[in-house]
Amino acid sequence: MASFPTPSMHVARKEGVSALQVHLAGLPEDYREVLRLQYQEKLELKEIAARMDRTEDAVHGLIFRAKKKLRTAMGQSSLWLSRK
């Protein structure tokens, strides 16, 4: 039997996405940029490093710190989004 999203699941997802957008906007610009390049543009680490004029190691660290800061800012809602 297939599982279909319920109306409450749609609302919860929309609220989660809205919370994500708000918290992303609150991050420092370089954190927002590195996450945008990785997740929206789906660039590889090497390409992100070239675009941001940084080393691959620096970009790796930046991604780690950006995700950690975003997780902390979002609190419990980040756990819900990570399961979807």
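A salt bridge here is a side-chain nitrogen of Lys or Arg within 4 Å of a carboxyl oxygen of Asp or Glu. The model is predicted, with local features requiring pLDDT of at least 70 and side-chain atom pairs counted only at pLDDT 80 or more, while totals for chains, interfaces and linings use all residues. Residues are numbered from 1 along each chain as its sequence is written, and side-chain values use heavy atoms, with hydrogens and water left out.

**Whole chain**

Start with the cartoon view. The protein has 5 helices and 0 strands, and its elements run α-α-α-α-α from the N terminus on. Helices (H or I, at least four residues) and strands (E, at least two) are DSSP runs, numbered from the N terminus. Of the 84 residues, 23% count as buried. Buried means under 20% relative accessible area, exposed over 50%, and partly exposed in between (1.4 Å probe, protein chains only). Among contacts with a separation of 6 or more, 52% are between residues 24 or more positions apart; contact means heavy atoms within 4.5 Å.

**Salt bridges**

The structure holds 4 salt bridges. Select E41 and R51 next: they form one, with the closest N and O atoms 2.8 Å apart. This pair links distant parts of the chain, since E41 lies in the loop between α2 and α3 and R51 lies in helix α3, 10 residues apart. R51 counts as exposed at 52% relative accessibility, whereas E41 is partly exposed at 33%.

R36 forms a salt bridge with E41, and their closest N and O atoms are 2.4 Å apart. R36 is partly exposed, with a relative accessible area of 29%.

Move to R54 and D30, a salt bridge whose closest N and O atoms are 3.6 Å apart. R54 sits in the loop between α3 (45–52) and α4 (56–74), and D30 sits in helix α2 (residues 29–40), so the pair links parts of the chain 24 residues apart. Both ends are partly exposed: R54 has a relative accessible area of 34% and D30 one of 27%.

**Where α3 meets α4**

Select α3 and α4 together. How do they pack, and at what angle? The angle is about 100°, with the axes 9 Å apart, which makes α3 roughly perpendicular to α4. Axes are lines fitted to C-alpha atoms, for helices over the stretch in contact, and angles run from 0 to 180 degrees between N-to-C directions. Angles under 35 degrees count as roughly parallel, over 145 as roughly antiparallel, 65 to 115 as roughly perpendicular and the rest as oblique.

Show side chains at this contact. From α3, L45, K46, I48, A49 and M52 meet E56, V59, H60, L62 and I63 of α4. By class, the contact has 7 nonpolar, 1 polar and 2 charged residues. Ala, Val, Leu, Ile, Met, Phe, Trp, Tyr, Cys and Pro count as nonpolar, Asp, Glu, Lys and Arg as charged, and the others, Gly among them, as polar.

**The core**

Finish with V34, L35, I48, M52 and V59, which have the most contacts inside the largest nonpolar core, a set of 15 residues. Such a core consists of buried Ala, Val, Leu, Ile, Met, Phe, Trp, Tyr and Cys residues joined through side-chain atoms within 4.5 Å. α2, α3 and α4 each supply at least two of its residues, and the largest share, 6 residues, comes from α4. Centre on V59: not counting residues up to four places away in sequence, V59 touches V34, L45, I48, A49 and R54.
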